[in-house]
Amino acid sequence: MAYFLQQIANALPIASLYAALAFGYAIAFAVTRRADITYGAIFAFSGHVYLLFAYIGWDRLWLVLPASLALGAAVGLMGGVGAGVAIGRFVMRPLSAVSPNAMIVASLGLVMVLMEGARLASDTRELWLPPLLDGRIVFWQGGGFSVALTMLQLINAALMLVMVVIGHIALRHSRFGRCWRAVSDDALAAELSGVSSARIFVSAYALAALYASVCGILATSYYGTMDFGAGLLFGLKVVLIAAAGGHSSPIRSAAGAALVGIAETLWSGYGPIFWRDLAVISGLVLLLVLSRRERVTI
């Protein structure tokens, strides 16, 4: 029982990460209506920028560690959101009006640009952060076994869940949320009602990039680094994970993604880890095939 409880505890950080990523992805998907692996690239890009500028602050500017991390986080956030705004305005929005299916091809090219840009900026060096907030918080102990998480795991999980809750409330009750729902339902009808579909499109893409960037910074702080190939891997994975709850509703997409995170962790604890990704991705592909028609219930 203690081992099972520890696996459930281990699932909390990854489930929160998947939920926040899926929530942000669903915001962009509502206006693009096309699979977009660029989202995962923005996630990884912000983590790379965070690492690079934290290293610059520590090694060249001689800042103390908290100041170096704050510098890296600020620049990583600006870089990720800035990339999202530029991509949404100058690439995805024009393509959505001319050839929506071309957005899928463009997203692959953008992944390569962001990944290679991060690699060249880092001079192909894998930078690492020191362990952060690694003190263990014990929830239960008995029979020589303790159920615990680190302080950073709990902080990351709490921040990501708060992001999902705040985002859901904002989309439900704010003017932007109403306009976003109108554009996602029918962009032309929204235009006729006085809503600028172009502005909402770019704003939704920027908001999704904000979620991806914050998650990239938090995930990099937890794992200590960000792999150069993570952009493509997470891009493909988020597209599939977000489908677990249905792309048409961000909160449902987040809930489905959290369940995927729990299932993935339990597989790691009880099954052969070598087959984990194959089993999870195969299950998600099957789910996509069985529920290929989107139900718009925002």
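Predicted model: local features only at pLDDT ≥ 70, side-chain atom pairs only at ≥ 80, totals over all residues.
User: Hi! Let's start with A26. Which helix does A26 lie in?
Analyst: A26 lies in helix α1, which covers residues 2-32.

User: And is A26 buried or exposed?
Analyst: Buried: the relative accessible area of A26 is 0%, and the cut-off for buried is under 20%.

User: Nice. Leaving aside the neighbours within four places in sequence, what is A26 in contact with?
Analyst: With that exclusion, A26 has contacts to W180, H247, S249, P250 and S253. There is also a C-alpha separation of 8.6 Å between A26 and G246, although these two are 220 residues apart along the chain.

User: What about T32, buried or exposed?
Analyst: T32, found in helix α1 as well, is buried, with a relative accessible area of 6%. Apart from neighbours within four places in sequence, T32 is in contact with M103, F201 and Y205.

User: Switching to pockets: what volume does the largest pocket have?
Analyst: The largest pocket comes to about 350 Å³. Its lining has 19 residues, and those closest to the centre are N10, I14, Y222, Y223 and E264.

User: Which elements give two or more residues to that lining?
Analyst: They are α1, α5 (151-173), α8 (197-223), α9 (230-242), α10 (250-270) and α11 (276-290). Helix α1 supplies the largest share, five residues.

User: Last one: how many of the lining residues are nonpolar, polar and charged?
Analyst: For the largest pocket, the lining divides into 10 nonpolar, five polar and four charged residues.

Note on methods:
Residues numbered from 1 in each chain as written. Heavy atoms only, no water. Helix = DSSP H or I, 4+ residues; strand = E, 2+ residues; numbered from the N terminus. Buried < 20%, exposed > 50% of the residue type's maximum accessible area, 1.4 Å probe, protein only. Contact = heavy atoms within 4.5 Å. 1 Å grid on protein atoms, 1.4 Å probe; cavity = no way out; pocket = protein on both sides within 12 Å on 5 of 7 lines; lining within 4 Å. Points joined across faces, edges and corners; volume = space filled by probe spheres on them. Nonpolar A, V, L, I, M, F, W, Y, C, P; charged D, E, K, R; others polar.
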